[in-house]
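Dear colleague,

I am handing over the structure we spoke about, and would be glad if you could look through it alongside the notes below.

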Amino acid sequence: MFAVYAEAPNFNDPLSAVVVGERPAPSPRVGWVRVKLEAASLNWHDLWTLRGLGGMNGRPEAFPMILGSDGAGTLDDGTPVALYPLMGDPDWRGDETLDPRRTVLAEEVQGTFADFVAVPTRNAVPLPAGIARDTAAILGATWLTAYRMLFTKARVRPGQTVLVQGASGGVATALIQLGHAAGLRVWATGRGATKRELALRLGAQRCFESGESLPAPVDAVFDLVGTATFAHSIKHVKAGGVVVVAGGASGLEATLDLARVFIEQITIVGSFDGTLHEFLELLDFVAQAGIKPHVGHVLLMTDAVEGLRRMLAGETMGKIVLTRRQADS
Ligand SMILES: NC(=O)c1ccc[n+]([C@@H]2O[C@H](COP(=O)([O-])OP(=O)(O)OC[C@H]3O[C@@H](n4cnc5c(N)ncnc54)[C@H](OP(=O)(O)O)[C@@H]3O)[C@@H](O)[C@H]2O)c1
């Protein structure tokens, strides 16, 4: 079948590790299903795979690996599904994100940039009416991360003011749209006017240049940028507030103003993807609230390298979706 995969990792030049070609089609085991993919989306996880980092670190035997941890398509009986990306110990009970054997798609199980993927039946979640297939392909890894950050980790309430660092990111745009729909006053930082205009279009109330001082402290900050913004996040959260960290697109090193953390009693909390229960809640919320998840670019799956290049260069305006159909934007 058609697939976009990494034959072997390349730490220094990840894009050169991408192969657009053919891989064996998956044969679902007992308790698994086959999904014919219609759309998938790019994540930094794909770049980590190409570099041999994260779940692929020290596992050369895991290659070749088909990329892609987000996707949507149809079961063999035609049921439209969105993919929940986390898998783990079948006997694990409770929060899947805490399972020590947890993996995401494209670590131990082949990923979604292909004609077909095989997943445990519970990972292929029937799509509620009102959610389009292209947008369903960004919900599993990206929107679920944003949902958990907002409602499980920060426990925000309508009317609160929150700051989203990085206006145009995939997770950032999800945070803005979900936060706006939940009645929050959403502020965002972004590099450049075009990115900040996008955040305003998606529901942000105010936008600031990255690193700019805010006019007032906020109840919660959502930071997936890391090195470039973390000190700013700590500086601008109010006393007793929370900073939720879930990524580091600009780097994973940061200095911490410890005095501010304990004197102002700031909570710093990490977040990773989400549970299946949260995914079901997310799908319901998106459908019921009529949210149209923003997609920045739609490319053909054959053009995956161009999408990865844009991510690496920061030339994104929201999620990049890869489709098996002719691209429409
Ligand atoms: N914990 C999880 O489960 C989880 C899930 C998904 C992603 N992540 C992580 O979250 C991070 C973002 O992922 P994404 O999919 O949203 O990536 P993305 O779509 O490529 O967006 C990158 C984001 O980083 C910002 N950024 C990058 N360099 C910056 C700099 N030097 N200064 C200021 N802002 C900068 C961008 O802000 P501008 O808009 O200003 O360009 C943008 O918001 C990655 O580290 C990824 O690995 C974690």
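A polar contact is taken here as a pair of N or O atoms within 3.5 Å, and the model to which this is applied is a predicted one. By that criterion, the side chain of Lys 195 places an N or O atom 2.9 Å from an oxygen atom of the ligand, while an N or O atom in the side chain of Thr 145 is 3.4 Å from an oxygen atom of the ligand. A nitrogen atom of the ligand, in turn, has a backbone N or O atom of Ser 271 at 3.1 Å. On its own the ligand has 910 Å² of accessible area, of which the protein covers 86%.

The shell around the ligand holds 25 residues, and those that come nearest are Trp 44, Ser 168, Gly 170, Ala 246 and Asp 273. By class, eleven residues of this shell are nonpolar, eleven are polar and three are charged. Helices α3 (139–153) and α4 (170–181) each contribute at least two of its residues, and at least three come from each of domain 1 (2–141 + 273–323) and domain 2 (154–270).

As for the two domains themselves, their C-alpha centres lie 26 Å apart, and the contact involves 13 residues from domain 1 and 15 residues from domain 2. Between them they bury about 1000 Å², with 70% of that on carbon and sulfur atoms. On the domain 1 side, the residues that lose the most area to domain 2 are Phe 285, His 294 and Met 317, which together make up 44% of what that side buries.

With best regards

Key:
Residues numbered from 1 in each chain as written. Predicted model: local features only at pLDDT ≥ 70, side-chain atom pairs only at ≥ 80, totals over all residues. Heavy atoms only, no water. Near = heavy atom within 4 Å. Polar contact = N/O pair within 3.5 Å; in protein donor to acceptor, adjacent residues only side chain to side chain. Areas by Shrake-Rupley, 256 points an atom, 1.4 Å probe, with all protein chains shown as cover. Helix = DSSP H or I, 4+ residues; strand = E, 2+ residues; numbered from the N terminus. Nonpolar A, V, L, I, M, F, W, Y, C, P; charged D, E, K, R; others polar. Domains from an automatic or database assignment. Contact = heavy atoms within 4.5 Å. Buried area = accessible area lost by both parts, 1.4 Å probe.
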